[in-house]
Amino acid sequence: MSAALAATADDRIVFDLTGIEERYESLLRELPGVAVRFAMKACPVDEVLARLAGAGAGVDAASVPEMEQALRAGVPIGRVHYGNTVKSDRNIADAHRLGIRDFATDSLEDVAAIAEHAPGARVFCRLSTDTRGALWELSGKYGCSTADAVTILETARKLGLVPSGLSVHVGSQQMTPEAWRDAFERLADVLAALDRRGIALDHINLGGGLPVPGYLDKHGRPLDPPIDKLFAVIREGMAHLRTIGGHHLGFVVEPGRYLVAGQGAIRAHVSRLSARQGPDGRRQYWLYLSCGKFNGLYEMDELQYPLVFPTHGGPGTRHVPAVVAGPTCDSDDAYSHEDGLVQVPEALASGDPVWVLSCGAYAISYTTQGFNGFGPLPYTCIDGGATGGSGKTGGG
Ligand SMILES: *Cc1c(COP(=O)(O)O)cnc(C)c1O
């Protein structure tokens, strides 16, 4: 990765396809037998989708354009599911026409629409769970209660759909085992209730949310998720669910961040290191970079991506504490102001290269068309050490 970053003279984002495939393989070692459906919103890059599909993964798609992109990239239709519970009649009909047969749902209204516009489809019902402990909780908007899930899947059966599964999503970058335990408890409750009603499911979708190391929190401390513990809880939970009733359960996971976050990095440059007087009258350093919240670092107000200054840092380098910010006129385009000071070389000059690490997830997809004229970064895909791929514009 550093060789590729060092080799580029212009700003761009670099994805390591070999690294992404290795993350996929290591996930299968941790959770043997699961089917992986990559949440493509985390990195909707054709080369990434093609590499994962080649290794055996499918995708979790949230819209018809995402499905079309996945199919173009070579993901087999049977490995594409419609994971978004929010969809119009037209979206459902279009997805059905494409050949999509697996639909997420969480309401009676949506299930009725699926029955009408995708007759005979397989549905999986999204349960709401306790998402505390995640950096992004995603709670409220999605999922239903355990009681509603039973009603929704019974209704699905009555309407001629196949009640096929249950899904959860514990929130993104979920750091606590309790969140998974809570999800497994709710899944177990619904499985038992469905069994009493003679409904047998064929899969459980455990969603995304698996956390990655490599980020710093808002205060600059390394985020160090207890990933081994989390996998142990998930394996235990899967084993328990398999003992309930007459279901014949396979398991699906939908990682986004876990597969790509550490496998993408940005080569950017220093716009300027300036010292200005803050509201409290004290001098405050600001390090403005050429990329920020709107072209690659969307999550910079919730976490810090590690920075490397390849042309500085020898012995005797003096550092100053600075707020790191992107180039636009938006005040959110910065690391957290209060506690988020980063030690940066005092001698940084305009134009110096900077590498932003651990930004492979949610970089391309959250990039704007060019807020304030700061357009999407081009990207390059590398294969291990070697550079390959075309350097297309991100998102295009
Ligand atoms: C966003 C999303 C994911 C991926 O979440 P990560 O935290 O990136 O793993 C998985 N499933 C669904 C339904 C999502 O909305």
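Q: How many nonpolar, polar and charged residues form the shell around the ligand?
A: In this predicted model, local features need pLDDT of at least 70, side-chain atom pairs count only at pLDDT 80 or more, and totals for chains, interfaces and linings use all residues. Residues are numbered from 1 along each chain as its sequence is written, and side-chain values use heavy atoms, with hydrogens and water left out. Ala, Val, Leu, Ile, Met, Phe, Trp, Tyr, Cys and Pro count as nonpolar, Asp, Glu, Lys and Arg as charged, and the others, Gly among them, as polar. By these classes, the shell holds three nonpolar, five polar and five charged residues.

Q: Which residues around the ligand come nearest?
A: A residue is near a molecule if one of its heavy atoms lies within 4 Å of it. There are 13 residues around the ligand, and those that come nearest are Lys41, Ser172, Glu254, Arg257 and Tyr362.

Q: Is Asn205 buried or exposed?
A: A polar atom of the Asn205 side chain lies 2.8 Å from the backbone nitrogen of Gly207. Buried means under 20% relative accessible area, exposed over 50%, and partly exposed in between, with a 1.4 Å probe and protein chains only. Because its relative accessibility is 1%, Asn205 counts as buried.

Q: What is the relative accessible area of Gln173?
A: Gln173 lies in strand β9, residues 172-174. Although Gln173 is not a glycine, its phi is positive, at about 55°. Gln173 is buried, and its relative accessible area is 0%.

Q: Why does Asn372 count as partly exposed?
A: Asn372 is placed in the loop between β17 (353-356) and β18 (379-383). Asn372 also has a positive phi, about 60°, although it is not a glycine. Asn372 counts as partly exposed because its relative accessibility is 42%.

Conventions. Polar contact = N/O pair within 3.5 Å; in protein donor to acceptor, adjacent residues only side chain to side chain. Helix = DSSP H or I, 4+ residues; strand = E, 2+ residues; numbered from the N terminus.
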